[in-house]
Amino acid sequence: MAFTVKLYENNSYIKTFDAAVLSCEEKDGAYLVTLDKTAFFPEGGGQNADRGKIENVNVLDVQIKDGIVYHLLQKPLTVGDTVKGEIDWDIRFSRMQNHTGEHIVSGVIHKLFGYNNVGFHMNDRFITLDTDGPLTEENIAKIESEVNKTVFANKKINVIYPKPNELANYDYRSKLDITENVRLVEIEDTDLCACCAPHVAYTGEVGIVKIISFIPYKKGTRIEMVAGFSALNDYSMLHNTNKQAVNLLSTKREEIFNSIQKIHKDLGDMKAENKRISCELALLKTETFSLGRGVCAFTENVGYDELRYCSNSLIKENEYCCAFSKTENDRFIYVVASENRNIKDIVSFLNSTFNGRGGGKDFYAQGTVNATKEEIVNKLLERASI
Ligand SMILES: [Zn+2]
């Protein structure tokens, strides 16, 4: 079968085209169609397959194999017919912006730091690219600034097909061990890279590039970025979120961080105050039983923090304290504490007598036991009297 003529390779702006149907075969309920020529870009170079219609039939996927482009369609087409193809231009153009933006970012990183792009992934919201060297916050700011200067300078983007014997004269990124049909995408004064995908013709069409995050990845950096309409969508999303937060907090949009920081601090203060009050309340509600030199204390429905607070208060006047909080029937959490008496023997006694679990250090331990209040008091009294 003849190679498909790839209209997108030399003109990435073709939105509609006429072509002859060369073959149509059913595959899993859909139809694989080949044409004599196509403007549909098949998945490749990190970019997804184009969407659109052929003779008003939805194109579900586009793949290339051995130079032939296969269009996966919902309905069959008649071999020999001339058909009209229509690319979903909004999606394609947005991808061209993102993809070209990625070339500019990779080119600027290569120029400024000598790093290579070693990974590239693109979805319809953002692009991920990996470098083989580390980058700092300052580096990223410099890269973003240089990239956008290149965008605003509206540099020409050229596609070059060097002859195999000329290839050695070109210093380009993404070099593979092939010499036939190498397609180079040149961004004037910025980048030269082997790539099969469609790009915009001038950098100005990229609109803007924003790096939204960067993290150390393997020995380099993973960057997430947006360009063009994706950047506009990202800005709109952030703007809407900011607007809602501004309204909710009755603040100014540039003040939002300060307002949230204040709420965060107030909330922390309130939690601390709330904890202090619940500890005080637990102590007030605590019922105590003297164990001679020690004391045991009971309360209900409080956590370890409150028990610890009660114990710390009670050990000021007692050698040790065993504090219990009932969490459910015949089940208690406990804290055992002392200022200077090693309490490990008491913890072992509680765990072994009441099927308990828990432990800690010489002067503090916590855990759970399964018993009734009476059982606990009686056994501890019995033990203390020995
Ligand atoms: Zn590319």
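## Contacts and overall form

Among contacts in the chain between residues at least 6 apart in sequence, 57% join residues at least 24 apart; two residues are in contact if their C-beta atoms, placed from the backbone, lie within 7 Å. The structure is a predicted model, in which local features need pLDDT of at least 70, side-chain atom pairs count only at pLDDT 80 or more, and totals for chains, interfaces and linings use all residues. Residues are numbered from 1 along each chain as its sequence is written.

The chain contains eight helices and 21 strands (DSSP runs numbered from the N terminus, with at least four residues of H or I for a helix and at least two of E for a strand). Its radius of gyration is 35 Å, well over the 21 Å that the globule rule gives for 386 residues, so the chain is more spread out than a compact globule. That radius is taken over C-alpha atoms, and the rule is 2.2 Å times the number of residues to the power 0.38. Along the principal axes, the C-alpha atoms fill a box of roughly 100 × 50 × 45 Å.

## Domains

The chain is divided into domain 1 (5–87), domain 2 (93–236) and domain 3 (281–385), with bounds from an automatic or database domain assignment. Between the C-alpha centres of domain 2 and domain 3 the distance is 65 Å.

## Nonpolar cores

Of the 386 residues, 31% count as buried. A residue is buried if 20 or more other C-beta atoms lie within 10 Å of its own, exposed if 12 or fewer, and partly exposed in between, with C-beta atoms placed from the backbone. A nonpolar core is a set of buried Ala, Val, Leu, Ile, Met, Phe, Trp, Tyr and Cys residues joined through C-beta atoms within 7 Å.

The largest nonpolar core has 45 residues, and those with the most contacts inside it are Phe 40, Ile 104, Val 105, Val 147, Val 209 and Met 225. Helix H2 (residues 89–113) gives the most to this core, with five residues. Domain 1 (5–87) and domain 2 (93–236) both give residues to this core, so it lies between them. Leaving aside neighbours within four places in sequence, Phe 40 is in contact with residues including Val 59, Val 62, Val 69 and Ile 87. A second, separate core of 32 residues includes Val 302, Val 336, Ala 337 and Phe 354.

## Barrel and hairpin

Six strands form a closed barrel in the order E2-E3-E7-E6-E5-E8, with antiparallel pairing; two strands pair if DSSP finds at least two bridges between them. Ala 19 stands opposite Val 83 in E8.

Strand E14 (residues 209–217) pairs with strand E15 (residues 220–227) in the antiparallel sense over eight bridges. Pro 216 has Thr 221 in E15 as its bridge partner. E14 and E15 form a hairpin with two residues between them, and Lys 218 in the turn has a positive phi of about 50°.

## Loop residues with positive phi

Most residues other than glycine have a negative phi. Glu 55, in the loop between strand E5 (52–54) and strand E6 (57–65), has a positive phi near 50°. With 16 C-beta neighbours inside 10 Å, Glu 55 counts as partly exposed.

Ser 250 lies in the loop between helix H4 (228–249) and helix H5 (256–285), and its phi is positive, near 45°. Ser 250 is exposed, with 7 other C-beta atoms within 10 Å.
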